[in-house]
Amino acid sequence: MKQPTSHGKKPAKSRRETREELNQSARDRKRQKKHRGNAPGSRAGAAQQGASGKKGAGDKDPRIGSKKPIELGAKSAPAKAPVVKKVVLSPREELDKLESDDRLDGLLERLENGETLSSDDQNWVNEQLDRIDELMQLLGLSYDDDEEEGEEEVQEDMMRLLRGGN
């Protein structure tokens, strides 16, 4: 048995749409759907429109990043050479360092023994000896200082002997 509804009325039957009406509504939905979103190729244009309020921003490329080409091979990035600070030595320290140089001593011994050196070694020895001469002149020293002191002592001793000696 059917129970009566609380309204007392039966619901009205809705009219069914015909095939033509259904087709037309489907075309309308499709047309609305087709017009959604941005136009094709407008990705860059939208960024320029949004930035049009700023001066000079229209010329800037909206893509962010460096335009510098990078190498994609197996090469590693070139290592930067470590910075070596040159220590400035006083003339006396530099002279002491040059006089105690093992390489210079070895090459000078070879020269004294009558051996001939390669042109590179000979040039290096000449440069070092020239630098030693410069430093000795700066410091007021000479090679003959030791000999002169010895000669002065000998002359003083001879003068004492000639005078009658003490």
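Colleague: Is L135 buried or exposed?

Modeller: The model is a predicted one, in which local features need pLDDT of at least 70 and side-chain atom pairs count only at pLDDT 80 or more, while totals for chains, interfaces and linings use all residues. Residues are numbered from 1 along each chain as its sequence is written, and side-chain values use heavy atoms, with hydrogens and water left out. Buried means under 20% relative accessible area, exposed over 50%, and partly exposed in between, with a 1.4 Å probe and protein chains only. Because its relative accessible area is 0%, L135 is buried.

Colleague: Which residues does L135 contact, leaving aside its neighbours within four places in sequence?

Modeller: L135 has its place in helix α5, where helices are DSSP runs of H or I with at least four residues, strands are runs of E with at least two, and both are numbered from the N terminus. The C-alpha atoms of L135 and E94 are separated by 8.0 Å, although the two are 41 residues apart along the chain. With contact taken as heavy atoms within 4.5 Å, the partners of L135 are P91, E94, L95 and L98.

Colleague: With which side chain does the side chain of D121 make a polar contact?

Modeller: D121 is in helix α5 and is buried, at a relative accessible area of 19%. Leaving aside neighbours within four places in sequence, D121 is in contact with R103 and L107. A polar contact is a pair of N or O atoms within 3.5 Å; within protein, one must be able to donate a hydrogen and the other to accept it, and residues adjacent in sequence count only if both atoms are side-chain atoms. At 3.2 Å, the partner of the D121 side chain is that of R103.

Colleague: How many residues apart in sequence are the parts that E94 and R131 tie together?

Modeller: The side chains of E94 and R131 meet in a salt bridge of 2.9 Å, N to O, the term requiring a side-chain nitrogen of Lys or Arg within 4 Å of a carboxyl oxygen of Asp or Glu. E94 is partly exposed at 21% relative accessible area, and R131 is partly exposed at 28%. Because E94 lies in helix α3 and R131 in helix α5, the pair ties together parts whose separation in sequence is 37 residues.

Colleague: Which residues are linked with R131 in a network of salt bridges?

Modeller: R131 also meets the side chain of E134 in a salt bridge, at 3.0 Å from N to O. E134 and R131 are three residues apart in helix α5, so about one helical turn separates them. E134 counts as partly exposed, at 42% relative accessibility. The residues linked with R131 in the network are E94 and E134.

Colleague: How far apart are the closest N and O atoms of the salt bridge between D28 and R31?

Modeller: The structure holds seven salt bridges, one of which joins D28 and R31. The two residues are three apart in helix α1 (residues 19-34), and therefore about one helical turn separates them. D28 is partly exposed at 31% relative accessibility, as is R31 at 45%. The closest N and O atoms are separated by 3.1 Å.

Colleague: How many helices and how many strands does the protein have?

Modeller: Read along the sequence, the pattern is α-α-α-α-α-α. Of the 166 residues of the protein, 8% count as buried. The count is six helices and zero strands.
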